[in-house]
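Here is a short tour for someone meeting this structure for the first time. Take a look at the sequence and the model, and then read on.

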Amino acid sequence: MSFLDRERSIAHPGYSRWLVPPAALAIHFCIGQVYSFSVFKIPLTQLLGVDKSLPGDWEQTQIAWIFSLAIVMLGVSAAVFGKWLEGAGPRKAMFAAAVCFTLGFYVSYLGVITHELWLIYFGYGVIGGTGLGLGYISPVSTLIKWFPDRPGLATGMAIMGFGGGAMIGSPLAIKLMAHFRTAGDVGVGKTFLVMGTLYFLLMMFGVFTIRVPRDGWKPENWAPVTKPQAMITTHNVDVNTVFGTKQFWLLWIVLCTNVSAGIGILEQASPMIQELFKGSIGPVAAGGFVGLLSLFNTAGRFFWASASDFIGRKNTYYVFFVVGALLYFVLPWTGADHLNSVVLFVSISVVLLSIYGGGFSTIPAYLRDLFGTYHVSAIHGRLLTAWSVAGVLGPVLVN
């Protein structure tokens with residue numbers, strides 16, 4: 001297992017930094033499957049009835065806590081293991097993420113076949129959620145160190161994969177459930193088994209290909225900024241020191257607010273569009289809507305993080321909160337009881353999800369500007385506890 005040590009993943013001279021983003025994307029595309037969890041919500045409420053819910057079946061409000069628990073554990077595990085990651089290196093953390101994420105699917109399979117909800121809470125929520133946290137932060141700090149000249153671009157490349165996970169996860173889950181469906185089985189359990197195995201194999205690609213820059217490396221023809229700039233430090237701050245600053249907690253509030261708004265839509269996306277446009281939107285079209293949200297979630301992560309390199313991190317968040325507030329106000333009026341416009345509902349939703357994704361991808365570069373790169377993974381991990389809170393707050397409000 002020494003292959004997983006940080007020393008074994010140091011890049012050799014002449015190594016191209018552009019080989020690192022595919023490794024990061026392999027991890028984030030897999031763990032981003034959590035964003036497509038809403039496609040399982042209705043099938044999980046029909047395990048006994050198959051075609052409809054029976055009295056012994058679970059309620060949607062019970063199922064919703066699976067997703068929220070996974071997001072809570074994402075933030076908690078990122079905060080707890082962030083400092084360990086800095087010393088252990090990304091390869092070891094990514095391997096641990098792959099094992100936990102896959103094991104979460106396997107335990108959830110047992111929960112489905114025994115009809116024990118606590119097993120799914122424990123599997124997908126606790127074990128899988130721990131894999132989410134480890135997998136989320138491990139590639140981010142590595143890419144920031146490879147791209148000190150464009151930190152927004154770097155974090156956008158890493159985190160865009162997480163937003164795009166539903167583009168793979170949603171249609172894959174729907175097709176697998178249809179394939180395994182029988183007169184007495186909705187197909188969720190076997191779908192969990194297959195998806196867990198496929199994701200483990202893809203995550204291993206990231207584990208084997210990730211590299212960290214050697215000491216003293218910097219991009220060709222790039223010189224670090226040595227003179228003071230507004231909002232950008234020339235120092236490196238320890239994570240324990242950062243935790244006591246007001247700047248950290250102000251960013252915590254900003255991220256929590258932004259995530260609560262977006263995750264409430266995302267967690268309920270498939271049932272929401274089916275209920276708002278009852279009779280005209282079915283499960284397959286709703287699955288397509290989830291995939292479309294994933295596409296814009298992904299694009300927004302890359303677009304807004306890259307844009308923040310030019311317009312500044314603070315100005316980027318000004319755009320998020322002004323435009324976002326207006327669009328959220330209009331969204332409820334697009335349903336069948338009012339404007340009855342699927343096009344307007346989808347258009348507003350995809351813009352909101354681009355803002356949601358952009359908030360995630362801009363935060364690591366913001367942290368790097370304020371506190372340096374020394375403990376950026378650990379600082380990022382602790383900030384993601386805002387995501388844990390928002391992962392409960394947003395879905396509970398919407399549900």
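## A buried glutamate

E267 is buried, with a relative accessibility of 2%. In this report, buried means under 20% relative accessible area, exposed means over 50%, and partly exposed lies in between, all with a 1.4 Å probe and protein chains only. E267 sits in helix α10. Helices are DSSP runs of H or I with at least four residues, strands are runs of E with at least two, and both are numbered from the N terminus.

Which residues does E267 touch, leaving aside its neighbours within four places in sequence? They are S38, K41, A64, F67, P395 and N399, where contact means heavy atoms within 4.5 Å. S2, by comparison, is 265 residues from E267 in sequence and 39 Å from it in space, C-alpha to C-alpha.

## About the model

This is a predicted model, in which local features need pLDDT of at least 70 and side-chain atom pairs count only at pLDDT 80 or more, while totals for chains, interfaces and linings use all residues. Residues are numbered from 1 along each chain as its sequence is written, and side-chain values use heavy atoms, with hydrogens and water left out.

The crossing of α10 and α13 is left-handed, a term used if the near helix is turned anticlockwise from the far one by less than a right angle (clockwise would be right-handed). On the α10 side the contact is made by V254, T257, N258, A261, G262 and I265, and on the α13 side by Y317, F321 and Y328.

## Salt bridges

How many salt bridges are there? The count comes to 5, taking a salt bridge as a side-chain nitrogen of Lys or Arg within 4 Å of a carboxyl oxygen of Asp or Glu. One of them joins D5 and K92, with N and O 3.1 Å apart. D5 belongs to the segment before α1 (20–31) and K92 to helix α4 (residues 90–114), so this pair ties together parts that are 87 residues apart in sequence. D5 is partly exposed at 26%, and K92 is partly exposed at 29%.

Another salt bridge pairs R181 with D51, and their closest N and O atoms are 2.8 Å apart. This pair links distant parts of the chain, 130 residues apart: R181 is in the loop between α7 (165–180) and α8 (188–209), and D51 is in the loop between α2 (41–44) and α3 (60–88). R181 is partly exposed at 37%, whereas D51 is exposed at 63%. R313 and D309 also meet in a salt bridge, at 2.9 Å from N to O. R313 is buried at 8%, while D309 is partly exposed at 23%. Shared partners join D309, R313, R368 and D369 into one network of salt bridges.

## A nonpolar patch on the surface

M167, I168, L292, L295 and F296 form a nonpolar surface patch with about 360 Å² of accessible area together. Patches are made of residues with over 30% relative accessible area and no salt bridge; nonpolar side chains (Val, Leu, Ile, Met, Phe, Trp, Tyr) are joined within 5 Å, and like charges within 9 Å. The areas come from the Shrake-Rupley method with a 1.4 Å probe, and for residues only the protein chains shown count as cover.

The elements giving two or more residues to the patch are α7 and α12 (283–311), and α12 gives the most, with 3 residues. M167 lies in helix α7 and is partly exposed at 31%.
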